[in-house]
Structure formats: structure tokens, C-alpha cells
Amino acid sequence: MDEFNERMSKIEEIDPHVKSYLYDIGYHRWSRVHAAVNKTWTMTSNIAESLNAVTKYARELPIFDLLEYMRTLLERWTKEKLLKAKGTFTYLGYKFNKELEKSSTSSQKLRVRASTNLIYTVIDGVKWYIVCLENKKCTCGQFQLNELPCAHALAALRDKNEGYENYCSPYYTRESLLRTYEIPVNPLPDESKWNVPQHISYEVVKPPTGEKKQPGRPQKERYKTYDELKSKKYKVSCENCGGEGHNKRSCKNAPKKKISCS
């Protein structure tokens with residue numbers, strides 16, 4: 001909450017109208033700390049985003065070939081994820097274990113004062129935070145928001161000489177990862193071995209009618225957000241000189257054409 005208020009104050013300094021606009025929308029609609037339900041810290045649209053990126057050219061294939069391409073793709077992804085989960089030897093998955101290690105490092109410098117066996121005051125410099133291990137809460141908000149012990153909770157657990165395993169979401173564990181990918185994407189037999197019902201084999205699928213073709217080249221990639229366009233990954237580069245920020249049409253470093261006199 002402190003971090004949220006600090007950032008909103010900075011927004012207000014830049015433009016008060018922006019803060020009013022965000023307030024009118026409702027903080028609970030877009031802010032994790034004000035959300036009525038618990039939300040993860042991962043920003044994602046859909047798994048379709050991943051599929052769109054790798055099926056850019058496969059989408060031009062006939063429908064059967066496209067579906068088979070996507071089936072084999074998911075088959076390979078599932079196998080790779082399962083092998084990665086089997087190769088994890090920590091209680092939590094790789095991503096969450098890394099987050100926990102980061103919090104554990106930060107917790108080393110914190111001072112702890114126990115009120116009861118389950119309630120602690122954790123002193124971080126000039127600030128102090130209240131940790132309730134029974135309800136898995138900390139006044140910093142991260143413990144209950146991430147469902148993973150924050151640095152203050154880890155300091156309290158260290159003072160109590162107790163492990164973190166009972167204070168993490170079960171979805172973050174290695175066992176959950178293994179269960180997620182234990183159902184394989186089964187392979188298909190050769191087409192000659194298929195048992196297709198007669199009423200389906202006789203059906204003729206015709207192209208859609210009445211749809212007007214839109215002018216211009218069809219859009220293959222999704223429209224990128226402002227943040228993506230600003231990042232290095234999506235910077236425009238020039239084919240002539242290799243520089244960034246312009247293309248070959250607007251390149252000023254391109255070699256000039258020689259004019260020959262006859």
C-alpha cells in the first residue's frame with residue numbers, strides 16, 4: 001500500500017487529471033493491493049499470445065495441417081515442462097524458489113521482536129511491520145498478496161526456527177508442477193487408420209460466403225503495446241546500416257548511387 005500511494009503521488013505531481021481518471025475507474029479494477037480477489041503478479045493476456053507468436057506462418061496452412069502443427073507443438077511443450085519439473089529438486093518451482101531466495105537475503109538484516117508465538121514485530125531500519133504467521137499476513141501486504149513469505153515473514157520464521165513450507169501456496173510447489181504436466185498430449189495414428197463416421201466423411205465444408213475481403217495485407221502479428229514498442233526487443237533496426245530507430249527507407253547512412261556517364 002505504501003508503494004502504491006508513493007507512485008500515485010508521483011503521478012499526481014506529473015498530472016492531477018491522470019490520478020483523478022484512475023480513481024474514477026476504481027483502484028480495485030487494476031491494482032493488486034486494492035483488488036477484491038487475490039491476483040498473481042504475472043501479467044498475461046492468454047496462452048493464445050504464445051501460440052500466435054509461434055504459429056505466425058503455420059496459420060497459412062490448410063486447417064488440418066495447422067491443427068496438427070499446434071498439436072505437436074503442445075505435445076513438445078508439455079514434455080519439456082514435465083522434464084523441467086522433474087529436474088527441480090527444491091520444494092518450490094524455480095520461479096517461486098528464486099523469489100523466496102531474494103526475500104531470504106533481504107531478511108538477514110531485519111530485527112525481530114516476538115509478541116506471541118505467532119505474532120511478531122519485524123524492524124526494517126526506521127520502519128516496523130507486524131507479521132501474523134497464523135493468518136499468513138504481514139502489514140507490508142506482500143505475504144497475503146503473493147501467498148509466499150515476504151522478507152519480514154521469513155525473519156519471523158527464522159526467529160521461530162521454523163521452515164517456510166507451510167506458508168507457501170500449494171500451487172507453487174514442485175508437486176503441483178508435476179501434476180500440471182502429468183497428462184500428456186497423445187499422438188495421433190496415421191490418417192489411414194482413422195475411424196471416421198460416415199456422416200462426417202460425406203460432409204463437404206465450403207468456404208464462407210458473403211464476407212468482403214478487407215483492403216491491404218492481412219494482419220499477421222498482434223498490435224503491440226506502448227511498453228513493448230519502447231523496449232529494446234521491439235526497436236526498429238535498419239537493414240542498410242544496422243542502426244536502430246529508423247528503417248532502410250529513412251536511412252541517411254545508405255551509400256549513394258553512382259551516376260555513370262556514357
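**Note on the sheet, the core and the cysteines**

1. The structure holds zero disulfides. A disulfide is counted when a pair of cysteine sulfur atoms lies within 2.5 Å.

2. Keep the basis in mind. This is a predicted model, in which local features need pLDDT of at least 70 and side-chain atom pairs count only at pLDDT 80 or more, while totals for chains, interfaces and linings use all residues. Residues are numbered from 1 along each chain as its sequence is written, and side-chain values use heavy atoms, with hydrogens and water left out.

3. Are cysteine 132 and cysteine 168 buried or exposed? Buried means under 20% relative accessible area, exposed means over 50%, and partly exposed is in between (1.4 Å probe, protein chains only). Cysteine 132 has 15% relative accessibility, so it counts as buried. Cysteine 168 has 8%, so it counts as buried too.

4. Next, the sheet. Four strands form an open sheet in the order S1-S2-S3-S4, with antiparallel pairing. Strand S1 (111–114) and strand S4 (137–138) stand at the edges with a single partner strand each, so one side of each has no neighbour in the sheet. Strands are DSSP runs of E with at least two residues, helices are runs of H or I with at least four, and numbering starts at the N terminus. Two strands pair if DSSP finds at least two bridges between them.

5. Look at the pairs. S2 and S3 are joined antiparallel by six bridges. Isoleucine 123 stands opposite tryptophan 128 in S3. The S2–S3 hairpin has two residues between its strands, and glycine 125 in the turn has a positive phi of about 70 degrees. S3 and S4 also run antiparallel, with two bridges. Their hairpin has four residues between the strands, and lysine 136 takes a positive phi near 55 degrees.

6. Which residues have the most contacts inside the largest nonpolar core? They are Leu92, Val131, Leu133, Cys138, Phe143, Leu148 and Cys150, in a core of 23 residues. Such a core is a set of buried Ala, Val, Leu, Ile, Met, Phe, Trp, Tyr and Cys residues joined through side-chain atoms within 4.5 Å. H8 gives the largest share of this core, six residues.

7. Valine 131 links these themes. It stands opposite cysteine 138 in S4. Leaving aside neighbours within four places in sequence, valine 131 is in contact (heavy atoms within 4.5 Å) with residues including Tyr120, Cys138, His152 and Ala156.
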